[in-house]
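Please look over this protein model and see how its parts sit against one another. The report below goes through helix pairs, then domains, then the ligand.

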Amino acid sequence: MSLDVFLRHRFPDFSADVSFSAPAPGVTALFGPSGCGKSTVLSAVSGLLRADEVRVVLDGIVLSDLPPERRRIGVVFQEGRLFPHLSVRDNLRYGLRRAPPGPIDPDETVELLGIGHLLKRYPATLSGGERQRVAIGRALLSQPRLLVMDEPLAALDAARKAEILPYLARLRDSLRTPVLYVSHAMEEVARLADTLVLMEAGRVIGCGPVGEIAARADLPLALGNDAGAIIPAEIAAHDDARALTVLRATGGAAGASSEGARFLVPRIGLPPGSRLRIRIPASDVVLALERPARISANNVIPGTVRAVREAPGGRLALVEIAVGDSLLLSQLTPDSVAQLEIEAGKPVLALFKSIAVQVL
Ligand SMILES: Nc1ncnc2c1ncn2[C@@H]1O[C@H](COP(=O)(O)OP(=O)(O)OP(=O)(O)O)[C@@H](O)[C@H]1O
């Protein structure tokens, strides 16, 4: 099952030529700098923009052949756009009324989004984060084939964002509705996206599993502060004596392999089997050719160099390291690359501290 999007459109000063395919269900994030055309893609997909050429196919249904009102695409904008004169309950009912006939359990959505205690309130009395949760609930209750979200957290401050992100992660894990998500915040993308569509100046420059695209040394993500591996993992065990948790990478990007890589992180307060994602910044990963003796870094992970690339300007080199099914990214100086003779196919050890690992 997949979501396939093809779009060509010219504005007077901008042209979009976009094509991508992503597994569905799943969260597909369009990511890229301001003005690269992300919102244009969403508008064309949802039918708000009459694009010069557009084709959107979801699970074999050509949505773009349908008039916008029959596409059944739920849209959530930056600012919730709730009806101010309706209570939360009635805003949600509006979504329900647009659903096709059939059983729906509104309570499940209400519970998932944690908005049960707000039903009698009016939008003006809600916090920004609560408003967005209601807007998402309203969109979901219309039973969309596809949920489209245009920077749903951009208008919120950091605290509100942190409040709403876990709800979005829960939606991702429990819903079968595919989501197309626009953001220019790497933090959101790292946490939520399954597939990353990286855009630049109206074009797609990379598309694939988020871990793969984030760790690709030939794409601009690897050059900035955002460079780092994003790895889905599960809690394998706790080592209470050392106050550490052992994570095992689940489903990665570098190709088939039986056993997921294992990482040590500071003790996490979740039971074994819990699934989460981790981010390992490329600037925190050191490479070695031999196992160092008596070193404080808890993670000394054997892997194989997949690619080496020098960043423009020649002051930084990026190394992709395949570890089981996962990819790590390490930022080195070109001098270190030369000293260690790092090249594709070479076995290396990737070293990083457990506290460098960000648990998302
Ligand atoms: N209705 C329009 N008429 C003319 N130009 C437009 C129109 N809508 C968008 N554009 C232009 O198309 C380009 C892409 O805009 P778009 O909103 O898709 O970018 P974006 O990646 O979503 O940006 P941001 O992250 O800032 O929201 C911009 O240069 C914008 O000025």
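## Helices, domains and a ligand

Start with helix 2 (residues 88-97) and helix 4: their axes come within 6 Å and cross at roughly 30°. The model is a predicted one. Angles under 35 degrees count as roughly parallel, so helix 2 and helix 4 are roughly parallel to each other. Their crossing is right-handed.

Which residues meet here? Helix 2 brings Val88, Asn91, Leu92, Tyr94, Gly95 and Leu96. Helix 4 answers with Val134, Gly137, Arg138, Ala139 and Leu141. By class, this contact has 7 nonpolar, 3 polar and 1 charged residues.

Helix 4 (residues 128-141) also pairs with helix 5 (residues 158-174). Here the axes come within 9 Å and cross at roughly 25°. Helix 4 and helix 5 are therefore roughly parallel to each other. Helix 4 passes helix 5 in a right-handed crossing.

On the helix 4 side, the residues are Gly128, Gly129, Gln132 and Arg133. They meet Arg160, Glu163, Ile164 and Tyr167 in helix 5. Sorted by class, the contact of helix 4 with helix 5 has 2 nonpolar, 3 polar and 3 charged residues.

Two packed helices are described by the angle between their axes and the distance between the axes. The table lists both values for each pair.

| Helix pair | Axes come within | Crossing angle |
|---|---|---|
| Helix 2 and helix 4 | 6 Å | roughly 30° |
| Helix 4 and helix 5 | 9 Å | roughly 25° |

Now step back to the domains. The domain assignment gives domain 1 (2-214) and domain 2 (228-359). Taken over C-alpha atoms, their centres are separated by 32 Å. At the contact, 7 residues of domain 1 touch 10 residues of domain 2.

Look at the side of domain 1 that touches domain 2. Helix 6 (186-192) and helix 7 (210-214) each supply at least two of its residues. The largest share, 4 residues, comes from helix 7. This side of domain 1 divides into 4 nonpolar, 1 polar and 2 charged residues.

What surrounds the ligand? The shell is made of Phe11, Pro12, Phe14, Ser34, Gly35, Cys36, Gly37, Lys38, Ser39, Thr40 and His184. Helix 1 (residues 38-46) gives the largest share of this shell, 3 residues. By class, the shell around the ligand has 4 nonpolar, 6 polar and 1 charged residues.

Conventions. Residues numbered from 1 in each chain as written. Predicted model: local features only at pLDDT ≥ 70, side-chain atom pairs only at ≥ 80, totals over all residues. Near = placed C-beta within 6 Å. Nonpolar A, V, L, I, M, F, W, Y, C, P; charged D, E, K, R; others polar. Axes fitted to C-alpha atoms, helices over the stretch in contact; angles between N-to-C directions. Parallel < 35°, antiparallel > 145°, perpendicular 65-115°, else oblique. Left-handed = near helix turned anticlockwise from the far one by under 90°. Contact = placed C-beta atoms within 7 Å. Domains from an automatic or database assignment.
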